[in-house]
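This report describes a single protein chain, shown below.

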Amino acid sequence: MAAKQVDTSWMWHPDFEESRTDTAGLFVHFRRRLNLEHSPVPPVRIQISADTRYKLYANSCLIVSGPVKGDQKLWFYDEVDLSPYLRVGENNIAVQVLRFFHATSYASSFPRLPIGGLMIKPIECGEFWTTHLQSSNLWETAIDSSTILPTNLVEDDFLHIYEAHNANAGTFEPLKWTDAKVHKFQASTGLGAPWKLSPRMIPALRVESSSFTSLHNIKSSVPDNRWEEILVQTQDKHMAPCNGLVLPARTSHSLELEVENHTTAFLRFIFQRPEAGGSVCKITYAESYENPPILVPYLRSKEHRRDYGKALYGPQDFYTFRGAGKALGLGYDENEVTRETFSPFHFRTFRFIKVEIDVGSTDLVLEGIKIAPVNYPLDVSAHFDAGNSEERETVDKLWTTSIRTLSNCMHDCYEDCPFYEQLQYAMDMRSSALFTYYVSGDDRLARQALTQIHHSYEPRVGLTSSRTPCHQPQLIPHFSLYWICALSDHYTFFGDRAFIRPFMAVIDGVLEFFNSRIDPDFGLVSAKSEPGMWDFTDWTNEWRPYGIPPAAARTGFSTYTNCLYIYTLENAATILRALGRSSTADEYTSRANVVLEAVKSHCFDGTVFTDGLARPGDLQLEYSVHSQVFAVLCGAASGSLAQSILRKSLSLPSSLSGLHSPYPSPTPSDDNGGDYESRKFTQPSLSMSFYTLRALALAGPLYTRHFDAFLQPWRDQLALGLTTWEEDSVSQRSDCHAWGSAPIYEFMAEVAGVYPAAPGWAIVGFRPRLELFRTISARVPVQVGQGKGWVCVWWQTEESGDVRLGLKVEMEGTNSRELVVPVTVSLPDRAFGITCGIEEEIKFD
């Protein structure tokens with residue numbers, strides 16, 4: 001029998017336990033000292049990963065942090081070259097690992113496996129480096145038991161990334177270093193380490209620098225101007241740097257700091273190391289000034305975000321200073337002996353920060369606070385300019401705010417909101433990915449998201465998880481359908497059959513989940529869910545507390561569910577036909593047609609669609625915009641009926657606009673008969689704005705007629721001082737939620753009118769809405785052949801009303817002149833096809 005093979009690439013602290021109940025996890029430190037007689041010959045490459053998160057340093061220089069969030073089916077590692085950071089003589093390599101405990105529900109945004117570990121694996125760099133760098137007992141390790149991740153912060157239900165350092169002031173025990181223990185996993189006969197490793201699928205995060213713009217509500221014996229000198233970046237670059245700010249012993253100080261825009265950033269609070277420990281610093285992170293919350297953290301009361309007379313509420317970090325002679329000697333800061341720095345491990349999300357300092361028995365000297373914004377490296381190559389229109393400034397703000405919101409919800413994965421959850425939900429991801437395609441043409445984060453959701457599929461149920469990667473899987477059946485729609489979007493924009501093909505089995509499994517719940521009497525998908533499932537539809541006041549239409553439970557059926565199922569079947573059929581599986585595609589189309597007829601027969605009251613069964617004589621019929629929108633999207637209503645149901649239902653009250661109704665309320669004359677005034681339509685939240693706009697775009701002139709009014713919710717938010725789009729106006733919980741970035745799609749796909757008319761932009765569609773702006777200039781990323789290109793569109797409306805319109809295709813690189821791009825053109829008075837050469841300018845009369 002062959003000898004058993006063993007994987008020894010992971011190591012851990014031999015005495016680590018996960019029994020503490022006062023923290024979500026602990027920090028574990030690793031260090032290795034190397035003496036080099038000669039400069040290393042590059043490269044010195046290693047693969048590195050950890051469970052749960054790590055930061056790698058060499059000679060006090062941060063090299064890389066990671067890994068990208070994964071799960072038990074796909075765990076990522078990073079590959080890095082150490083040689084630029086090494087030197088002749090002594091070298092100190094250090095790794096800080098954050099390990100969240102496995103057997104808890106805390107830190108649900110961070111998946112982890114039952115055991116902790118750090119993997120360091122040298123790659124083709126010689127025996128010396130392999131021996132000295134690989135995971136082994138030559139590494140020393142220590143547990144930092146004095147730093148905890150509190151689980152009792154009322155503002156933190158999901159992340160548990162906030163830190164409390166040295167809470168037992170006065171003890172300041174030194175770290176106890178010991179030899180690391182190597183995990184040994186059988187690596188033969190189909191077995192292996194529990195982490196199923198894969199190289200990262202996305203580029204490293206982009207880290208920049210920023211500064212505070214202003215201070216507010218300063219309560220301190222130190223003059224305000226001294227705080228501003230040390231904390232607010234001066235505009236005078238020739239001004240000499242300020243000395244440290246001395247905070248006298250036994251004094252207290254409080255101040256609030258503001259950055260220009262909502263930010264996700266790493267922070268460093270830098271002080272000179274005090275003579276004695278015991279001083280305490282508390283930092284509160286907030287997205288806005290607000291009234292006391294109604295229900296922390298879920299229901300807020302916010303008005304203007306910069307109303308400095310209100311208060312800041314949010315999660316907090318706590319740092320107790322250790323003082324002289326108490327440095328931990330971790331090797332993360334080369335000035336650790338003379339400087340005491342608090343650097344939160346994970347990035348923080350904020351627009352405002354409140355800093356409260358209680359100085360101990362000796363003076364404390366503040367040297368500064370460094371801000372390093374961090375995001376996915378979204379390279380925005382799209383452009384939209386409304387020219388000389390009256391609303392140019394507002395349009396510019398709608399565009400830049402939408403991009404900022406999207407960017408702040410992109411890190412390791414697409415995130416719903418960076419402040420509270422940092423979770424990748426399938427519904428949110430679909431719209432975020434579409435917005436990304438239109439601003440950059442980048443699909444790397446989308447590929448990772450689609451893959452991760454695919455891996456979350458549970459065969460016993462027939463659904464993907466609503467959010468992943470996540471330590472607490474959650475089932476929202478509708479979100480599995482949105483994942484399928486997102487796959488269809490990806491194929492439409494990139495035409496990559498090889499990427500889509502492996503997902504087919506899970507697509508079929510998800511669709512079978514809904515098919516198996518078809519009621520034989522009505523032909524509709526039943527709304528009766530199994531325990532452990534959440535039929536979330538939308539956040540509206542009428543559907544509190546769980547976002548589910550009451551009609552679903554009362555009648556046993558949801559019109560929204562059935563229409564979304566039909567819509568998804570049609571998207572799936574398109575993919576299957578592209579992959580040559582026409583028989584399965586025909587089956588999906590047949591299913592869609594059967595349910596479509598059932599919706600029209602059982603969920604339509606003769607004028608509009610109901611939220612559940614439209615039983616004759618039922619005096620409790622409920623109505624929503626959602627039912628009308630998805631009836632249009634799935635084809636249950638088209639033409640004049642689609643226009644009628646949308647016009648009747650879209651009154652746009654505060655749930656969408658945030659402040660007022662930009663549409664006039666419908667009158668009985670709008671109804672073409674029937675008692676319309678007795679109906680009340682539940683209005684959609686901002687999360688559904690994208691789908692409402694898609695339905696309007698299908699309904700003839702309604703999109704153009706109501707475009708300006710529909711943008712009012714976003715204008716209202718700008719007037720309230722937001723610099724990113726809020727989650728919704730019902731709860732006002734989060735001030736940054738990427739589903740609000742719909743203006744990106746509207747300006748690119750609808751106003752400029754550029755869209756993929758064939759998969760992978762094999763044909764460019766051009767359908768401009770000339771009546772929406774008198775002048776525009778737009779640049780839309782597209783795929784041209786195997787390369788990246790752009791469609792440039794512009795028009796100018798003359799005083800006579802005539803429109804001068806032009807289009808040009810550009811491409812990255814210089815060897816593309818011979819390419820020809822097919823374009824299908826739809827103008828108000830005609831439609832036709834043309835071909836456009838690279839850099840060839842096409843003008844339309």
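This is a predicted model: local features need pLDDT of at least 70, side-chain atom pairs count only at pLDDT 80 or more; totals for chains, interfaces and linings use all residues.

## Strand β33 and its neighbours

In β33, R779 is the bridge partner of H383. H383 belongs to strand β28, residues 383-385, which pairs with β33 in the antiparallel sense over 3 bridges. β33 itself runs over residues 775-784 and is mostly covered, with 7 of its 10 residues buried.

β33 also pairs with strand β34, residues 787-797, again in the antiparallel sense, here over 10 bridges. Within this pairing, V782 stands opposite G789 in β34. β33 and β34 form a hairpin with 2 residues between the strands, and G785 takes a positive phi near 60° there.

## The second largest pocket

The second largest pocket has a volume of about 730 Å³. Its lining comprises 23 residues, and those nearest the centre of the pocket are R430, D489, Y567, R694 and Y745. Two or more lining residues come from each of the elements α4 (426-440), α6 (477-494), α10 (559-578), α15 (689-698), α18 (742-751) and β31 (754-756).

By residue class, the lining of the second largest pocket divides into 12 nonpolar, 4 polar and 7 charged residues.

## Overall fold

The secondary structure of the protein chain comes to 18 helices and 38 strands. Along its principal axes, the C-alpha trace spans about 85 × 80 × 60 Å. The radius of gyration of the protein chain is 29 Å, which agrees with the value near 28 Å that a compact globule of 845 residues would have.

Of the 845 residues, 60% count as buried. Among contacts in the protein chain with a separation of 6 or more, 74% are made by residues 24 or more positions apart.

Most peptide bonds are trans, and most residues other than glycine have a negative phi.

P42 and P43 are joined by a cis peptide bond with omega about 0°. P43 lies in the loop between β3 (25-36) and β4 (45-51). A cis peptide bond also joins V296 and P297, where omega is about -5°. The loop that holds P297 is the one between β22 (289-290) and β23 (311-312).

S60, a residue other than glycine, has a positive phi near 65°. S60 is placed in the loop between β5 (53-58) and β6 (61-66). Is S60 buried, partly exposed or exposed? Because its relative accessibility is 25%, S60 counts as partly exposed; the class partly exposed lies between the buried limit of under 20% and the exposed limit of over 50%.

Q732 likewise has a positive phi, near 55°, and is a residue other than glycine. Q732 is found in the loop between α17 (712-719) and α18, and α18 is among the elements that give two or more residues to the lining of the second largest pocket. The relative accessibility of Q732 is 13%, so Q732 counts as buried.

How values were computed. Residues are numbered from 1 along each chain as its sequence is written. Side-chain values use heavy atoms; hydrogens and water are left out. Buried means under 20% relative accessible area, exposed over 50%, partly exposed in between (1.4 Å probe, protein chains only). Helices (H or I, at least four residues) and strands (E, at least two) are DSSP runs, numbered from the N terminus. Two strands pair if DSSP finds at least two bridges between them. On a 1 Å grid over the protein atoms alone, a cavity is a set of points where a 1.4 Å probe fits but cannot get out, and a pocket is an open set with protein on both sides within 12 Å along at least five of seven lines; lining residues have an atom within 4 Å of a point. Grid points are joined across faces, edges and corners, and a volume is the space filled by probe spheres set on the points. Ala, Val, Leu, Ile, Met, Phe, Trp, Tyr, Cys and Pro count as nonpolar, Asp, Glu, Lys and Arg as charged, and the others, Gly among them, as polar. The radius of gyration is taken over C-alpha atoms; the globule rule is 2.2 Å times the number of residues to the power 0.38. Contact means heavy atoms within 4.5 Å.
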